[in-house]
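Subject: Structure for you to look through

Dear colleague,

Please find the structure below, and after it a description of what turned up in it.

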Amino acid sequence: MADCVFCKIAEREIPSAVVYEDEDVIAFRDLEPQAPVHVLVIPKKHLESVLDFGKENKVLAAHILADVIPEVAKAQGLSAKGFRVVTNVGEEGGQTVKHLHFHILGGRSMQWPPG
Ligand code: AMP
Ligand code: ZN
């Protein structure tokens with residue numbers, strides 16, 4: 001999608017620190033990390049949020065949650081102590097980039113509830 005920063009990262013038009021990539025998904029380090037490890041996992045296809053997954057993207061949703069997030073978390077050394085996975089949706093959810101992304105945050109203790 002034109003003017004979408006994460007589409008541009010997926011297409012390698014904007015540089016990023018990529019930590020995982022396959023045909024449908026890419027994961028890269030957040031520019032403004034909120035934890036020692038802060039990785040964003042995105043589908044290469046432009047979907048705005050989890051609200052856009054729908055039935056036609058169930059395989060993609062399962063791939064991200066069941067395969068990619070655990071693999072990235074393990075590769076980043078987070079599986080022993082734990083980590084947090086967050087996806088912000090819309091205005092009240094605090095979503096600033098309108099391309100679906102899952103934050104993987106780890107390497108420190110997380111607070112609950114979030115602000
Ligand atoms: P959200 O507030 O959930 O929409 O999160 C968007 C995240 O994208 C923020 O944590 C930003 O720091 C991050 N971000 C924005 N632009 C870039 C970029 N070019 N490369 C890496 N992370 C980015
Ligand atoms: Zn996009």
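Predicted model: local features only at pLDDT ≥ 70, side-chain atom pairs only at ≥ 80, totals over all residues.

P113 belongs to the segment after strand 5, where helices (H or I, at least four residues) and strands (E, at least two) are DSSP runs numbered from the N terminus. The peptide bond that leads from W112 to P113 is cis, with omega near 0 degrees.

Residues are numbered from 1 along each chain as its sequence is written, chains are lettered from A and ligands numbered from 1 in the order in which they are written, and side-chain values use heavy atoms, with hydrogens and water left out.

Which residues come nearest to ligand 1? Of the 16 residues around ligand 1, these are D30, N88, T96, H101 and H103, a residue being near if one of its heavy atoms lies within 4 Å. By class, this shell has seven nonpolar, six polar and three charged residues; Ala, Val, Leu, Ile, Met, Phe, Trp, Tyr, Cys and Pro count as nonpolar, Asp, Glu, Lys and Arg as charged, and the others, Gly among them, as polar. Helix 1 gives the most to the shell, with three residues.

As for polar pairs, a polar side-chain atom of N88 lies 2.8 Å from an oxygen atom of ligand 1, and an N or O atom in the side chain of H103 is likewise 2.8 Å from an oxygen atom of the ligand. A nitrogen atom of ligand 1 is 3.1 Å from a polar backbone atom of L31. Taken alone, ligand 1 exposes 510 Å², of which the protein buries 83%, with accessible areas coming from the Shrake-Rupley method with a 1.4 Å probe.

The space taken by ligand 1 is the largest pocket, and a molecule sits in a pocket if more than half of its atoms lie within 2 Å of its grid points. A pocket is an open set of points, on a 1 Å grid over the protein atoms alone, where a 1.4 Å probe fits, with protein on both sides within 12 Å along at least five of seven lines, and its lining residues have an atom within 4 Å of a point.

With best wishes

Key:
Polar contact = N/O pair within 3.5 Å; in protein donor to acceptor, adjacent residues only side chain to side chain.
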